[in-house]
Amino acid sequence: MTMNVEPDRSFDLGAYLSLRRARIDATLESFLAFEEPRALYEAMRYSLLAGGKRLRPILCLAACELTGARAEIALPTACAIEMIHTMSLIHDDLPAMDDGDYRRGRPTNHKMYGEALAILAGDSLLAHSFELIARHTVGVPAKRTLAVVAELARAAGPRGLAGGQVEDLAHEGKSDLGADVLEDIHTRKTGALLEASVLSGAILGGADAPTKARLRRYARRLGLAFQIVDDILDVTSSREALGKCVGKDASARKATYPSVLGLAESRRLAEMLIADARSDLACFGDRATPLLALAESLIQSLS
Ligand code: GRG
């Protein structure tokens, strides 16, 4: 049953997000200073520091704070997560994958640096992210750091991003997919990293098992709703508004939520998932305010 959780109207999500983004952007910059080979660092920094909503690191910090710990202890992990996400965007845009030419408001990585360097920039961001967690996580028992490494490696690998992408490519051009297949693809391709972002913050903060289970449910529902909203905006929004190519799903004849369920039903499903995600947080009271507001803002991005 969905519990009604009233949003805290006094919470200024816009101000919260700006502050968090600024902190994450500054830390990302410091974790990826130029070294040799300069061309490789340039390509890595080009996509990583190009902006982006920084949703995943913000979720990680918010989940850490929900446990009562300081967000600061999760900052290296939050930045590592953004590196893994950026790697997936660079690789997703490659000609062998989605063949995108515009991302985060600028030409895609391979358009700027060529395919070889784009692949290596993605690989380097992935490897660098784990080095960052191992070297820079302080004030946390090593067991928690190890659990975070396992959580993120799982999310990036065959059970997460990579596996979801393989499934997605395999189903290209098939318009008769069932909603269950679509859910499986997106749970891995998009949901796994969002889930791992929330869980990593909770693990670092020392969450107990029931807290982790509730946050995992919240993150799963949020992750699926996020992909549904992304699919809807690919149909209804513009390249200028999103900073990335739109309409590509239809031209690649991809099965998406709007193509399988229709726009209205997709929207209804996203709203239901967000309502359920919010009720997963009911027992946390005020400590869940940022996570609640983030879920709410996802639905508002459709209006
Ligand atoms: C090499 C281990 C390995 C994995 C790569 C390419 C790939 C496998 C997976 C693709 C994953 C992918 C790009 C999923 C789409 C997720 C999505 C909706 C991205 C958009 O996220 P936003 O809106 O983007 O948060 P910004 O730019 O704001 O960060």
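These questions and answers set values from a predicted model against the definitions behind them.

Residues are numbered from 1 along each chain as its sequence is written, and local features need pLDDT of at least 70. Side-chain atom pairs count only at pLDDT 80 or more, while totals for chains, interfaces and linings use all residues, and side-chain values use heavy atoms, with hydrogens and water left out.

Q: What makes Tyr-46 and Tyr-113 an aromatic pair, and why is the pair called edge-to-face?
A: Rings of Phe, Tyr and Trp (its six-membered ring) pair if their centres lie within 6.5 Å. Planes under 30 degrees apart count as stacked, over 60 as edge-to-face and the rest as tilted. By this rule there are two aromatic pairs. In the pair of Tyr-46 and Tyr-113, the centres are 5.3 Å apart and the planes make 80°, so the pair is edge-to-face.

Q: Which parts of the chain does this pair link?
A: Distant ones: Tyr-46 lies in helix α2 (residues 38-48) and Tyr-113 in helix α5 (residues 109-113), 67 residues apart. Helices (H or I, at least four residues) and strands (E, at least two) are DSSP runs, numbered from the N terminus.

Q: Why is Tyr-46 called buried?
A: Buried means under 20% relative accessible area, exposed over 50%, partly exposed in between (1.4 Å probe, protein chains only). Tyr-46 has 11% relative accessibility, so Tyr-46 counts as buried.

Q: How do you know that the charged end of Arg-106 sits over the ring of Tyr-46?
A: The rule asks for NZ of Lys or CZ of Arg within 6 Å of the ring centre and within 35 degrees of the ring normal. The charged end of Arg-106 is 4.5 Å from the centre of the Tyr-46 ring and is listed as sitting over it. Arg-239 does likewise over the ring of Tyr-102, at 3.5 Å from its centre.

Q: Why is Ser-200 called buried, and what is it in contact with?
A: Ser-200 is found in helix α9. Its relative accessibility is 0%, so Ser-200 counts as buried. Contact means heavy atoms within 4.5 Å. Leaving aside neighbours within four places in sequence, Ser-200 is in contact with Cys-60, Thr-77, Ile-81, Val-148, Glu-151 and Leu-152.

Q: Which residues of helix α8 are buried, and what covers them?
A: In α8 (residues 161-170), Leu-161, Gly-163, Gly-164, Gln-165 and Asp-168 are buried. Their cover includes α4, α7 (142-156) and α9 (179-205).

Q: Why is Asp-99 called partly exposed?
A: The relative accessible area of Asp-99 is 42%, so Asp-99 counts as partly exposed. Its phi, near 55°, is a positive value in a residue other than glycine. Asp-99 is found in the loop between α4 and β1 (102-103).

Q: What kind of peptide bond joins Glu-36 and Pro-37?
A: A cis bond, with omega about -5°. Pro-37 is found in the loop between α1 (13-31) and α2.
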